[in-house]
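Hi everyone, thanks for coming.

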Amino acid sequence: MSSKEKLLGKKYPEALEDLPVAAIVPWPGSTLDVTTHAWRTFRPVINQDKCVRCRLCWVYCPDGAILEVDEEYTTSTGKKYKVTFKVDYDHCKGCGICANECPVKAIEMVPEMK
Amino acid sequence: MALAQETKPKEVPEKKEKKRIAATGADAAAYAVRDVDVDVVAVYPITPQAPIAENIAQMIADGEIDAELIHVESEHSAMSAVVAAAATGARAFTATSSQGLELMHEVLYIASGLRQPVVMALATRALSAPINIWNDYADAMGMRDTGWIMIFSENVQEVYDNLIQAFRIAEHPDVLLPVVVTLDGYILSHTTEPLEPMSREEALSFAPKRPRGYRPVLDPDEPVTIGVLGAPNWYQEVKVQQALAMRESRRVIEETGKEFGRIFGREYGFIEPYMMDDAEVAIVTLGATSSLVKAAVNRLREQGVKAGMVKIRVFRPFPAEELAKALENVNAVGVLDRAVSFGGAVEGPLFMEVATSLALRGIVKPMVSFIHGLGGRDIFVKDVMEMYQKLLEAAKTGKSVTRTLFYGVKSRRGHVV
Ligand code: SF4
Ligand code: SF4
């Protein structure tokens, strides 16, 4: 094992001995592994019928937790959309910015039930 | 350039004689930095460190060192720049003094916390207020808990030798901690003494640049994150890891000092005992002050007094074990501080370390804490001889003096208060 490998420890340390030197993180994109939903008290729920696919929630979400998914959707009035906006509930922190910004009030903040 | 010329006459036969030159401590520091082929230097000049910054800037301008000199607007930036440079794998150096070190203070912890092997020269100087540009150890003592390895130099040669060793120690994969080497402001930084520098080849073979990639560094091809958030669930472990590295560094510092002695004939340990074999009383000191205390010891020996001295060379990690061993047979121990720990159990910061080292090993002796030489106040051999008298008294009565004695004071109560 090279000295560098020794210094880099384990990806998911369990004890002092596994820690990378100075807590250096050598795994790029490691924040993807981190879920940030634990502190959410309200969750945004998108009403797909009301949503006009304006993308503003996607723009405003500070955590990149709004996903634009290639999934067709037909509304109750027969309007067809090529994409659907969904929430990544692993990374949504429940701040409600999306609900506030949605011009047609298609997003409702629903209390999290434990 | 104000650097000294070689004094060896040309016609001396090729005897593989050692090169001996005249140099100030500031010259010596710059030569050491040149000889280990440093990559990045960020310095902000401050008295009495300024000639180090000037010399290095000159050498870089003259092409003597192939290094990047970063002109920064403050010491806070100087330290930030060398930490960042070290994080890319570069060999990085800075130098400072007094208030400049205070301005670096925030980043000192970051250098050690991020385990970046930065090397710094500190021309020791008193702290304001009042403004004072002369020597004492107030600045050095202020950084004792910042996680830096701290090596004190007694003379110009030691400034050079300690700096060469500092690079090897700091960059060792079992250490990866910043190292500061002190030189007493003016007393060493501006005073010319004989110096035996080594050749650049020798310096680089003793403190070789390690191949890139032996430690994690910033590299676009292999990204890493340096400087993450350490929440309560891991911060403590990172700090303990750092404390363990400081303990581990003892082995590397010792090996480095021995190896240096084997190759260059000047061996360095954690401490330097002087006339300690049969000493009855001893004073513990730091830095250039040690030479003065040695002179007092010599004078006392002529008078038949069995005086000794122990110089602390490595102040962090503190050589508690070595010191206890050196002092176990004397009848009284004095500590000469040139800094004040205001409101401390005793006011001498070095004293506290010495007393703890002895007490934890069950060595109980009469002890006296002396403070003298603040802000460049001259210490005279006769003053130190007086301190030894105080120790002889303490040895006779078996009692420590429970408060610090300030020597050399202009007071109506006398010069000791
Ligand atoms: S609640 Fe906040 S974090 Fe969650 S999706 Fe909306 S804007 Fe993003
Ligand atoms: S802001 Fe509202 S309408 Fe616009 S895409 Fe998001 S949910 Fe749909």
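Let's begin with A129(B), which sits in the loop between β5 (119–124) and α5 (138–142) of chain B. Keep in mind that this is a predicted model. What kind of peptide bond leads from S128(B) to A129(B)? It is cis, with omega near -10 degrees. The bond joining A129(B) and P130(B) is cis too, and there omega is about -5 degrees. P130(B) also belongs to the loop between β5 and α5 of chain B. For context, most peptide bonds are trans, and most residues other than glycine have a negative phi.

R53(A) is not a glycine, yet its phi is positive, at about 60 degrees. You'll find R53(A) in the loop between β1 (42–46) and α2 (56–60) of chain A. Is R53(A) buried or exposed? With a relative accessibility of 12%, R53(A) counts as buried, because the cut-off for buried is under 20%. Over in chain B, D37(B) has a positive phi near 55 degrees, again in a residue other than glycine. D37(B) is in the loop between α1 and β2, and at 23% relative accessibility it counts as partly exposed.

Now look at helix α1 of chain B, residues 25–35, alongside helix α6, residues 156–171. Their axes come within 8 Å and cross at roughly 25 degrees, so α1(B) is roughly parallel to α6(B). The crossing is right-handed. On the α1(B) side, the contact includes A28(B), A29(B) and Y31(B), and on the α6(B) side V159(B), Y160(B) and L163(B) are among the partners. By class, this contact has 9 nonpolar, 1 polar and 1 charged residues.

Next, A42(B), in strand β2 (residues 40–43) of chain B. A42(B) is buried, at 0% relative accessibility. Beyond its neighbours within four places in sequence, A42(B) is in contact with several residues, including I70(B), V72(B), V82(B) and F93(B).

Last stop: T404(B), in the loop between α12 (381–397) and β15 (405–406) of chain B. T404(B) is buried, with a relative accessible area of 2%.

Key:
Residues are numbered from 1 along each chain as its sequence is written. Chains are lettered from A and ligands numbered from 1 in the order in which they are written. This is a predicted model: local features need pLDDT of at least 70, side-chain atom pairs count only at pLDDT 80 or more; totals for chains, interfaces and linings use all residues. Side-chain values use heavy atoms; hydrogens and water are left out. Axes are lines fitted to C-alpha atoms, for helices over the stretch in contact, and angles run from 0 to 180 degrees between N-to-C directions. Helices (H or I, at least four residues) and strands (E, at least two) are DSSP runs, numbered from the N terminus. Angles under 35 degrees count as roughly parallel, over 145 as roughly antiparallel, 65 to 115 as roughly perpendicular and the rest as oblique. A crossing is left-handed if the near helix is turned anticlockwise from the far one by less than a right angle, and right-handed if clockwise. Contact means heavy atoms within 4.5 Å. Ala, Val, Leu, Ile, Met, Phe, Trp, Tyr, Cys and Pro count as nonpolar, Asp, Glu, Lys and Arg as charged, and the others, Gly among them, as polar. Buried means under 20% relative accessible area, exposed over 50%, partly exposed in between (1.4 Å probe, protein chains only).
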